[in-house]
Amino acid sequence: MDLDIFDRLESQVRSYIRDFPVVFARAQGSHIFDENGRRYLDFFSGAGTLNYGHNNPVFKRPLLDYLESDGIAHALDMATSAKKRFLEVFERAVLAPRGLAYTLQFTGPTGANAVEAAFKLARQVKRRHNIVAFTHSFHGVSAGALAATANQKFRGAAGTALGNVSFMPYDGYLGEGVDTLDYLQTCLGDPSSGLDRPAAVIVETVQGEGGINEAGARWLRRLESLCRAHDMLLIVDDIQTGCGRTGDFFSFEASGIRPDIVTLSKSLSGFGLPMSLVLLRPDIDQWQPGAHSGTFRGNNLAFVTAAAAAEHYWSDDCFSREIAARAATLRAGLERIAAAHTDAALAVRGRGMILGLASSDSALAGRIAQRTFGHGVIIETSGARGEVLKFLPALTMSEESLAEGLAIVERALAEVLDPAVVN
Ligand code: PLP
């Protein structure tokens, strides 16, 4: 396919286009079509942005109606009907049933914007500069968020020192049987540990970019207790794992923890429209009016679709039960593939609909992903060395499409393991 204009005019920084070198033209549900009309099954979901599939009619109709009625498109942080409706529905469908009483801060539209705001406020409130982040974490690539992102590929691009963050071992980092929080607890209790007293801890309950590493519920609860005991704010970065990805609306619900701050973005608007949100325990909302700003805080088109998402999918627990059923199918499929190809020594990781097939051969996942794309399925890799094949289908994907995608991945795996299989 002709990618000449992209090669000539676009920066070398482009990345996904290199893995999926076609020109995408339209999409519906779990299918994307390129300019030649070739169909691809989407096991990638815009890195967790399209949890409800592409151009879902649940959002498309209200969005078109809003545009046709000349609804407000841009309003900084002024009050609009679209924002009012989102606030009402989010409170009723998402916060109230979970007994959560967060204050909402709309930031600039990217996930990194939400993380930056969370860090800034935590540092202000606690009057301390240090934040604890974890090995293999990913929180964005703007300077403040990048300081809490572990991967050297991103850190190396900063061109400046990245500071005010201390990295601690994530759950499982030191192998089975080691509770990595022993180290954090020891450091916090030792005035000579070298750890500057943190304002906050930021954690992903499942590390998406870091290799689909899952923090156990007990580990998360202990982390919460450490935060309480040492007066540190607990920030859960639910940018990739929120909005149903692990089964519940918030990924931390299953563990029973109550974060002080939650960052949300990606699938919040449901439609792929940029939107970010920071949820704050009300007493830590100590911002001075206008102290943190941004031209694109609160995308009104996104408010329309985000309200529709909250209303349609989260007004009761039906969708959570559907996700659990699909997640069980996906996990069973991956476990069957791992068991059928013991020579590849694959391990299944993750929770809900964010699952990974991890290999000790760091090149394997990339080769499978490439071949899978050749067979019409879009899938990406993650992990420190790209060693994990990352399964992020839409939460609405049909059982047939799940089965079709899994069969294609297995075919690609067989071909990579034994090129003689290719016919
Ligand atoms: N936090 C997490 C957990 C993410 O997965 C991401 C993006 O993948 C971000 C933050 C940054 O979001 P954005 O790329 O929109 O800045």
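This briefing walks through the ligand site, a surface patch and the salt bridges of one structure. It is a predicted model: local features need pLDDT of at least 70, side-chain atom pairs count only at pLDDT 80 or more, and totals for chains, interfaces and linings use all residues. Residues are numbered from 1 along each chain as its sequence is written, and side-chain values use heavy atoms, with hydrogens and water left out.

**Ligand site**
- Around the ligand sit Thr110, Gly111, Ala112, Phe138, His139, Gly140, Glu204, Asp237, Ile239, Gln240 and Lys266, where a residue is near if one of its heavy atoms lies within 4 Å.
- By class that shell splits into 3 nonpolar, 5 polar and 3 charged residues; Ala, Val, Leu, Ile, Met, Phe, Trp, Tyr, Cys and Pro count as nonpolar, Asp, Glu, Lys and Arg as charged, and the others, Gly among them, as polar.
- Asp237 puts a side-chain N or O atom 2.7 Å from a ligand nitrogen.
- The protein covers 82% of the 390 Å² of accessible area that the ligand has on its own (Shrake-Rupley method, 1.4 Å probe; for residues, only the protein chains shown count as cover).

**Salt bridges**
- The count comes to 26 salt bridges, each being a side-chain nitrogen of Lys or Arg within 4 Å of a carboxyl oxygen of Asp or Glu.
- Arg128 pairs with Asp231, with the closest N and O atoms 2.7 Å apart.
- That pair links distant parts of the chain, 103 residues apart: Arg128 in the loop between α6 (111-126) and β5 (130-134), Asp231 in the loop between α10 (217-229) and β10 (233-237). Helices (H or I, at least four residues) and strands (E, at least two) are DSSP runs, numbered from the N terminus.
- Arg128 is buried at 15% relative accessible area, while Asp231 is partly exposed at 33% (buried is under 20%, exposed over 50%, partly exposed in between; 1.4 Å probe, protein chains only).
- Arg281 and Asp283 meet at 2.6 Å, N to O.
- Shared partners join Glu224, Arg228, Asp260, Arg281 and Asp283 into one network.

**Surface patch**
- Tyr173, Leu174 and Val178 form a nonpolar surface patch, with about 280 Å² of accessible area together; patch residues have over 30% relative accessible area and no salt bridge, with like charges joined within 9 Å and nonpolar side chains (Val, Leu, Ile, Met, Phe, Trp, Tyr) within 5 Å.
- Val178 counts as partly exposed because its relative accessibility is 37%.

Notes: Polar contact = N/O pair within 3.5 Å; in protein donor to acceptor, adjacent residues only side chain to side chain.
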